[in-house]
Amino acid sequence: MHLPGRKVTSLLVTHHHTKEEEFTTRQVTQSIGEETKQNIRAFNMVAKGRALFVVFAVFVSMKSCAADSKWMNVEMCDMFRSANFKSMVMATRMRPSLGRKLFRRFKECFRETHQFAEHVDVLGSLACYYDEVPALTPELSWKLLAQLELCDNPNTKKRQLLQAVTSNSNWTGYEVLSTLGTGVAFLSAQQLANISNADLKEMLQNRGPNIHWTKSQIHRIVRKLLGEKMCGRADLLRLAPVIEGVPNFVLEHVSIRELANNTEVLRNISKRMRRSQLKAMLRALRRSNQTSELVHFLPGTLLRGMSLQDLDDANISTPEQVRGESLKRSQAAFLARKFYMENKLHFWRNLGSILQGVTCEMIANVADVNIEEMVQAIEETPCWLSKLQVGCAARRYFAAVEEGRRDYFKNITEEEFNTTMPIILMIHLRPSEWQNLPDSFCNIFLNKLGAANLTSLPHRSPSRLALPRRALQCLTKEKNTSELTVQDVSRLGPLLCELDVPTLSLLAHHVLNVSLWAMSSCQHIPLRNRPALMQLVRSMFGDPSEWDEELMESLGGWMNWDDSALSALPHKPWMIDVLHFLRPRLPRVSKAMRRKLFDLIASTNEEVNGTTNYADMNRTSLDSYIPTVSLIRDLGKDNVFWSSTQLDKISQDTFLETMETLGSVPDYKAEQLAVLTEKAIEALGPVPNMSESIGASLGCIARGFSNSDLEMLSFSIDRLEDVAHCGWNDSQLRAVWKSVSKRAELTAQQLKTFHMVALNQFMCGLNASEIAQLDAYAFRDAVGSLNDIRCSLEVARHFKSLAVLAFGPVGNWTEALVAEMGNLIVGLDADEMASLDPSLLSFFQESSIPLFPADNIAALSVAQLEGLGPDNVAMVTQSQRDRLTDAQLAALEQTEIGSRSDSQVLTNGSGAPTVSVEGVSGFVKPFLVLLICFVLL
């Protein structure tokens, strides 16, 4: 059972900073009480200083409040009328249950139609809970539409409101367009055509960056505003929000001399560009600037598009020349090696993103006088370092301090531990060193632990097991576990998410209760702990299928770890809003979550054979639903859950209206594709008659066509990046490349850098002869932007041969080249793999590891396998492990666990860890500290 008492939600607003805090009291008074009255009155008080401080408290449970209900209604109505109310709710994302209750109060305050109309524009996020959309006038519709930006799932309401607004013949003026906000993204092709160019330009300038246009809208807007002419500086600035639609050849020849040295303008233009567009833009910039000049003003988006050869030509001599911009890992590795060889790797705090290219060899050779600088850099920018790099830095730091004083960690003083021990390296101490830590250090240790980020520790590191054990020992040195308070447990910080049921069960009931509430927001729960924890949650709060709306909002994060519990949630009217509220707040969105939302959204369809009772919804009734235009658009990529029978019921008009949405789904099954491609032919005619725009709108649906049809389908090379993720097989990749080659009159020999990048995954459709014809220099420039394509092993080996021609023998490859190759590195044969220096293997892309043939992994030495690093080792598949010797398997184990000494300290007889601490949840401590103040009496 959950904590008794009423829910209270407190909203604190200071300028644009909003914080939502929810807490539960164990006891409440029988009436509202003077304190709550004062809090509500406080809403209408505006400080004369800089900050606006608003405290708004609302009792969600209305039982026993009758005595004060009249007073509360008067005060709340005054609050709704306040000039400050709109500024608060426009900046606040509320829980659905609270939002609905507040909206009901709002309607009670303004019962008359004219009263509601006068105040509808102050609803803010409360507009998300207005369900009588079809009954609104066009004027009220556009007032409401402008306030839906904070809704978790506003699309259905936006479309209904947009229909009401556009029924007015004068809706196309800019004044009305600007009030539509992001709702303009739902305009049809014809509606876009009715907007004047002047109004459209103004809309792009003022609201465009915040609007998520569809691909087809982007290309229509570009054609409407640009026509056939070339771009100048003014055109690029104007089209920045829809720059994806500007053809590559236009960008390649754009006149942008005046953009040189204007980093912010280039940043604004390039941040939405596709990779091939970035390459085309760089080509244009090179015409009027030397490469050495470009690095001084290019923003990170364009810098990341530069090849390793570009960086070499730029003659970068100090980190300051890249001005702290974010680089790719291959670029960082290139510059780190360059600075290291030139003996310039001293000022670590200036390296920024270059840190990700530093090797363990470079770390091991850091001079003692530079160690403090290195540690500060790691503390300030830990995001740039891998687990391997931080582990190497910890070993270098520990070696330095122990060299200065023997048995340093056995004799460390409290002051040294508190002031000189960096947290990010402290967590890498050996388990024996944690166990030997004097109890007098506990307060400092727990304080540091609360601010620790454990992501740099390998998942199977002994330190991950030692930390929670030592922390609990500190907490229980003067009391039993059952005597720990909420405040005590909050000091565990991120380790709270790693505790197992036997440990949690020792806590007092109310402390366990609060801990489970906090753990519902954990970003990671160890896999082995999840079943028992879910059972504990059920014993404390009841079965999730019986939770009410407020409990689901607060504890719904637990559904992320139990697909069966998620699937069993009932079809209740409020469930859609709650799951939409939870979805962006979860560390991952499981297939079960997507399926549940699909079922719930589909159950709202009005064409459900009259089924309206949510309690009666089941799989049989769900299978009877017919996909409608509104449903398809609301579901997006979750349209994958329609059965082929249901897809077959889509009308021709519905298919044409939703073709682009249906085409965005990358993982249809064969039977679904068969139905959709038949629909396409019925609606659009034979494949050879389909235009390029139709081919682009079909998207992933085109994967259902035969190879011969794909060769006849018109594809624009500029839009292939949009469909590269659709899961094409090798023969389909070949067919699409043939189609593009024929229509664009491009041979393999003619492909420029931006052509190769635009082809993306379809580069895998070239045969051996065509790959051999590619320009090696263009490939050298393009390969870094092709690092995530997945070719067959045969094709990857042909690209490797081209890479050898472009970069030289594999035995001479550097960390930068290995990283630049991305997934194409799998083209190396076993002998070439064995020739690589061990330090290079940590620069393999994680996604490439499972793609290597097992024989290639088996060809690696023990040193090379250890050089892979923890993240890459975690990607080694079981079939690859099956080919390894005992010594090689031990090397993988060593890399996953860490220090060989102490690796067995915290394991039980079966070898399984007794406490697992995989993952981090940095929010836990502040959340629990907040609860301390309000949960307990």
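Predicted model: local features only at pLDDT ≥ 70, side-chain atom pairs only at ≥ 80, totals over all residues.

Reader: What makes the reach of helix α31 close to the expected one?

Author: Helix α31, residues 530-541, has twelve residues and reaches 16 Å from its first C-alpha to its last, and this is close to the 16 Å expected at 1.5 Å a residue.

Reader: How do you know which face of α31 is lined by its buried residues?

Author: The buried residues of α31 are R530, L533, M534, L536, V537, M540 and F541. Seen down the axis of α31, these buried residues fall within an arc of 160°, so they line one face of the helix. In general, an α-helix has 3.6 residues a turn, so residues three or four places apart point the same way. On the other side of α31, P531 and Q535 are exposed.

Reader: What do the buried residues of α31 pack against?

Author: They pack against α29 (501-504), α30 (509-519), α32 (549-555) and α33 (563-567).

Reader: Why is V578 called buried?

Author: The word buried is used for a relative accessible area under 20%, and V578, which is found in helix α34, has a relative accessible area of 0%, so V578 is buried.

Reader: Which residues is V578 in contact with, leaving aside its neighbours within four places in sequence?

Author: With those neighbours left aside, V578 is in contact with P96, E549, M552 and E553. V578 and E553 are 25 residues apart along the chain, while their C-alpha atoms are separated by 6.1 Å.

Methods. Residues numbered from 1 in each chain as written. Heavy atoms only, no water. Helix = DSSP H or I, 4+ residues; strand = E, 2+ residues; numbered from the N terminus. Expected span 1.5 Å × (residues − 1). Buried < 20%, exposed > 50% of the residue type's maximum accessible area, 1.4 Å probe, protein only. Arc of directions from axis to C-beta. Contact = heavy atoms within 4.5 Å.
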